[in-house]
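Please keep the sequence and the structure in view while reading.

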Amino acid sequence: MSILIKNGRVITATDDYVADVFIEGEKVSAIGKNLPFKADQVIDATGHLVFPGGIDPHVHLDMPFMGTYSADTYETGTLAALHGGTTMVIDFILQTQGDTLYNALREWQDKSLGKAYGDFSYHMAVTDFNENTAKEVVQMIEKEGISSFKTFMAYKGALMIDDGQMVGLMKVVKENGGLVTVHATNGDMIDHLIAKHRSEGKLSPLYHYLSQPEVTEAEASGRFADMSDYTGCPGYIVHMTCEGALNAVRLATRRNQKVFVETCIQYLLLDASLYERDFEGAKWVMSPPLRQKKDQETLWAGLNQGLVQVVGTDHCPFTWEQKHMGKDDFSKIPNGHPAIEHRVELLYSEGVRKGKISHNKFVEAASTNAAKIFGMFPRKGTIAVGSDADIVIFDPNEEHTISVNTHHMNVDYSGYEGWEVTGKTKKVILRGQLAIDEGEVKIKKGYGEFIRRGKTGMVI
Ligand code: URP
Ligand code: ZN
Ligand code: ZN
């Protein structure tokens, strides 16, 4: 099978030129002007952008959480991602406290293998670090192609580890060429504030926001950066939301330390005023919560300053019925929101079209940097000879409106209902197969593969 994409504007993290791209089998095999090859399929991309498939390194599919499961499965979630130009996701396996990493891995393999449309990998969340876990961490890197380990500094009693466990994990991960990622918020402070608000009868979604002030994230981000410095282990802070937390990373750079930072599309675009809408605010109950406009400015600037490398989603959708589990108590609202489908188009529309980031920065943040940090570059994250042919053909001028009536995520509301977007995913190629063509699905469930990853933390 071969595909020739003709005359598109090819954009990578570093380049921007008009050319043809020739695909044979699963790989890009030639790039150039007026390529003379015959192909099984020819796509005219004149006037369109041609960029590497998006990589969303922060999604939660079919995840047990807060007494329920996130509503998208590997089937529905990776398909929705493809519709929006994301060809690969990295999901989180959760170790059950008291149980092994291998048991958790098997559980996630059952959920995912043979069921996904798009490609996927897993971060392994270590929620119980002990001698046995340490041995399994090595096996995950050496045998299973899982080289990033997630930690939680919050959600005490379910997912949180203490600083002693964090340092122990970092030492093993560093010795074996992996990376530790973190949900960096101060769990004890947050639990204290939740208890305080509940005891005062303050139970609406607004109090979810008020229970996680900026300082809880700034403090934990700085503490994590310090532990990463102390152990020498590469660190990656997920879903960063605010100025205080980014300043903690800025400070770390002054001692020549690199801490990778991911923000998520919602923190660039939405703000905490949404929590003033009574229970409707539950749609945006996520941790950390949405912040202020000044934090959005900091995050956009952080992208351009190279302090923020990645824009993910933290896609963790719950239906409106599931959100009602917390109708009378914000602390019972399942945390998370749907976004896997709209990240690429929103980042383009709000970032590139509005002059906040360049085309190259857009590709870097939506795809390339995740591939580099998480040990998949240059197989993934770029358009180059020999890379996987994961390619988005994108109309930069098409206008459309986000709505629950047209999205593909398995959730009955949209966090972006009515948002007008400029730029649309027209065709998506995944490992050499046309996967989405003008909204039509061309591949079958199970086409998506588990991607083994190598050593992590390529310096950017
Ligand atoms: O609210 C969120 N973020 N839900 C998913 C779990 C996590 O903390 O990433
Ligand atoms: Zn988190
Ligand atoms: Zn998450």
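## Terms and model

Two residues are in contact when heavy atoms of theirs lie within 4.5 Å. The model is predicted.

## The chain as a whole

The protein chain contains 13 helices and 19 strands. Its C-alpha atoms fill a box of roughly 70 × 50 × 45 Å along the principal axes. For 460 residues, a compact globule would have a radius of gyration near 23 Å, and the 21 Å of the protein chain agrees with this.

Of the 460 residues in the protein chain, 63% are buried. Among the contacts with a separation of 6 or more, 76% are accounted for by residues 24 or more positions apart. The accessible surface of the protein chain amounts to about 16,300 Å², and carbon and sulfur atoms hold 49% of that area.

## Helix H5

Helix H5 is formed by residues 187-199. From the first C-alpha to the last, its 13 residues reach 18 Å, close to the 18 Å expected at 1.5 Å a residue. The buried residues of H5 are Gly 187, Ile 190, Leu 193 and His 197. They lie on the same side of H5, because the arc they cover around the axis is only 130 degrees. The cover over these buried residues includes helix H6 (206-210) and helix H7 (214-231). On the face of H5 turned away from the buried side are the exposed residues His 192 and Ser 199.

Both ends of the helix can also be described. After H5 comes Gly 201, which has a positive phi, near 75 degrees.

## Ser 221 in helix H7

Helix H7, which is part of the cover over the buried residues of H5, contains Ser 221. Ser 221 has a relative accessibility of 0%, so this residue counts as buried. Apart from neighbours within four places in sequence, Ser 221 is in contact with Ala 184, Ile 237, Met 240, Ala 245 and Ala 248.

## Helix H10

Helix H10 consists of the 13 residues 293-305. The buried residues of H10 are Asp 295, Gln 296, Thr 298, Leu 299, Trp 300, Gly 302 and Leu 303. Just after H10, Gly 306 adopts a positive phi of about 80 degrees.

## Ser 414 in a loop

Ser 414 belongs to the loop between strand S16 (391-401) and strand S17 (420-430). Is Ser 414 buried or exposed? Its relative accessible area is 5%, and Ser 414 is therefore buried, since the term applies under 20%.

The side chain of Ser 414 has a polar atom 3.0 Å from the backbone nitrogen of Tyr 416. A polar atom of this side chain also lies 3.4 Å from the backbone nitrogen of Glu 417. When residues up to four places away in sequence are not counted, Ser 414 touches Ile 402, Ser 403, Val 404 and His 407.

Methods
Residues numbered from 1 in each chain as written. Chains lettered and ligands numbered in written order. Heavy atoms only, no water. Helix = DSSP H or I, 4+ residues; strand = E, 2+ residues; numbered from the N terminus. Expected span 1.5 Å × (residues − 1). Buried < 20%, exposed > 50% of the residue type's maximum accessible area, 1.4 Å probe, protein only. Arc of directions from axis to C-beta. Rg over C-alpha atoms; globule rule 2.2 N^0.38 Å. Areas by Shrake-Rupley, 256 points an atom, 1.4 Å probe, with all protein chains shown as cover. Polar contact = N/O pair within 3.5 Å; in protein donor to acceptor, adjacent residues only side chain to side chain.
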